[in-house]
Amino acid sequence: MEGKTNIHGGQQTYAASYFDTYSSVVNWFSIYLLSLLTILQKWASKQIDFVMAYTQAPPELDMYMRLPQGIEYTISGEEYVLKLLANLYGSKQGGKVWADYLKKGLKEINFVPSRFDKCVYYHGSVILCFYVDNGIFVGPDNDQINQAVKDLKGPKFDIEE
């Protein structure tokens, strides 16, 4: 069984705990257009998932959390907290921090952003569109798509195909 730790975002305070919220969501028209292009041109496609996406991005601010229920650790009667080294799901700014990290990382490996949709990127003749932590590659053939996926994988992003 796998567990996932979440932050209780409802306890965060604007300007003290976070500044902006945002989630990267591709426009439905872009999905429709890419689907149509793929069918008409007989292109290949591949779906990817960014594994535990929010935790891949470093936090933009120092974040602390109380120890999970059932775990107690005190020294000299003082209660301790944990400093988070990564974003966790549930934080108000988690989506924005992940989106910024993803966009910066894509540009570093020569993915070019679309002028019309913030969640569509080009890598040669291959197109990537993403919805929060899922993506779809479309392109003329599987070899070009596999190369784009290979370029995306590595120390920066953990991806499942």
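Predicted model: local features only at pLDDT ≥ 70, side-chain atom pairs only at ≥ 80, totals over all residues.
**View 1. The six-stranded open sheet.** The strands of this open sheet follow the order S6-S7-S8-S9-S1-S10 and pair in antiparallel fashion. Its edges are formed by strand S6 (112-113) and strand S10 (159-160), each of which pairs on one side only. Within the sheet, S7 and S8 run antiparallel and are joined by four bridges, and His-123 has Val-126 in S8 as its bridge partner.

**View 2. Helices H3 and H4 against the strands.** Helix H3 packs on the sheet, where it touches S1, S6, S7 and S8, and its direction makes about 170° with that of S8. Helix H4 lies across S1, S7, S8, S9 and S10, and runs at about 20° to S1.

View 3. When its neighbours within four places in sequence are left aside, Phe-137 is in contact with residues including Ala-44, Ile-48, Phe-111, Val-126, Leu-128, Ile-145, Val-149 and Leu-152.

View 4. Lys-96 is placed in helix H3, and it counts as buried because its relative accessibility is 16%, which falls under the 20% cut-off. The side chain of Lys-96 is joined to that of Asp-100 by a polar contact of 2.5 Å.

How values were computed:
Residues numbered from 1 in each chain as written. Heavy atoms only, no water. Contact = heavy atoms within 4.5 Å. Helix = DSSP H or I, 4+ residues; strand = E, 2+ residues; numbered from the N terminus. Buried < 20%, exposed > 50% of the residue type's maximum accessible area, 1.4 Å probe, protein only. Polar contact = N/O pair within 3.5 Å; in protein donor to acceptor, adjacent residues only side chain to side chain. Pairing = 2+ DSSP bridges. Axes fitted to C-alpha atoms, helices over the stretch in contact; angles between N-to-C directions.
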